[in-house]
Amino acid sequence: LILITVSYEFYKDSYGGSISEDDFNKNILKATRLVSNRTNSRIDTISDDDTNQDLVTDIKLCICNVIDKVQYYSKSNGKVIASQSSGKISESYVVDSSRTSVERDIADVIKLWLSKYGYTNIVWI
């Protein structure tokens, strides 16, 4: 059981997320579970009123970032941007629906937000 709560208002206002509230609600449980699983459930004992508010905020931001990744992969049908230009906007895609690619991408997000707390010192496969 995860004790930290991430509201849509936090997602929008503090994280700066842009998906709809419906999509947020569809993805919050999965994103939270992914972060919990990838940290070997170490975030499950931390609550919103924990004394280390930096940690609480980083966990919430991490979950928000994972929500965006979950949303991206569900909407892109496995397409991953391979290259991107700025002038006259040009993007090329590569189809990579492999679970390892998605899991690695999400693992990188979790490492970004939580590695300084020692919550990601596990081997990623």
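pLDDT is the predictor's confidence in each residue, on a scale from 0 to 100. Colour the chain by that value to begin: the mean is 84, and 76% of the residues reach 70 or more. Confidence is highest in helix 1, at 98, and lowest in strand 2 (residues 90-95), at a mean of 53.

This is a predicted model, in which local features need pLDDT of at least 70 and side-chain atom pairs count only at pLDDT 80 or more, while totals for chains, interfaces and linings use all residues. Residues are numbered from 1 along each chain as its sequence is written, and side-chain values use heavy atoms, with hydrogens and water left out.

**Stop 1: the whole chain**

Switch to a cartoon view. Helices here are DSSP runs of H or I with at least four residues, strands are E runs of at least two, and both are numbered from the N terminus.

The accessible surface comes to about 7,500 Å², and 49% of it belongs to carbon and sulfur atoms; the areas come from the Shrake-Rupley method with a 1.4 Å probe, and for residues only the protein chains shown count as cover. Of the 125 residues, 37% count as buried. Buried means under 20% relative accessible area, exposed means over 50%, and partly exposed is in between (1.4 Å probe, protein chains only).

Among contacts with a separation of 6 or more, 65% join residues 24 or more positions apart.

**Stop 2**

Select helix 1 and show side chains. Tyr-8, Phe-10 and Tyr-11 are buried there, and what covers the buried residues of this helix includes helix 2 and helix 3. Just after the helix, click on Gly-16, which takes a positive phi of about 85°.

Next, select Tyr-8, Tyr-11, Tyr-15 and Phe-24 together: they form one aromatic cluster. Lys-60 lies over the face of Phe-10, at 5.4 Å from the ring centre. The test for a charge over a ring is NZ of Lys or CZ of Arg within 6 Å of the ring centre and within 35 degrees of the ring normal.

How many aromatic pairs does a search of the whole structure find? It finds six. One of them to display is Tyr-72 with Tyr-73: the ring centres are 5.1 Å apart and the planes are at 75°, so this pair is edge-to-face. Rings of Phe, Tyr and Trp (its six-membered ring) pair if their centres lie within 6.5 Å, with planes under 30 degrees apart counted as stacked, over 60 as edge-to-face and the rest as tilted. Tyr-72 is partly exposed because its relative accessibility is 30%, whereas Tyr-73, at 13%, is buried.

**Stop 2: the nonpolar core**

In soluble globular proteins, nonpolar side chains tend to be buried together. A nonpolar core here is a set of buried Ala, Val, Leu, Ile, Met, Phe, Trp, Tyr and Cys residues joined through side-chain atoms within 4.5 Å.

Select Phe-24, Val-35, Ile-59, Ile-63, Val-66, Ile-67 and Leu-114, which touch the most other members of the 27-residue largest core. The elements giving two or more residues to this core are helix 1 (8-15), helix 2 (21-38), helix 3 (53-76) and helix 4 (99-114). Helix 3 gives the most, with 10 residues.

Centre on Leu-114. Leaving out residues up to four places away in sequence, Leu-114 touches partners including Val-35, Ile-43, Ile-59 and Tyr-119.

**Stop 3**

Beyond its neighbours within four places, Ile-43 contacts Val-35, Ser-36, Ile-59, Leu-114 and Tyr-119.

Two other residues of the loop are Asn-40 and Ser-41. Neither is a glycine, yet phi is positive in Asn-40, at about 50°, and in Ser-41, near 65°. Asn-40 is partly exposed at 47% relative accessible area, and Ser-41 is partly exposed at 36%.

**Last stop: Asn-65**

Finish in helix 3 with Asn-65, which counts as buried because its relative accessibility is 13%. Not counting residues up to four places away, Asn-65 touches Tyr-15, Val-109, Leu-112 and Trp-113.

Methods
Contact = heavy atoms within 4.5 Å.
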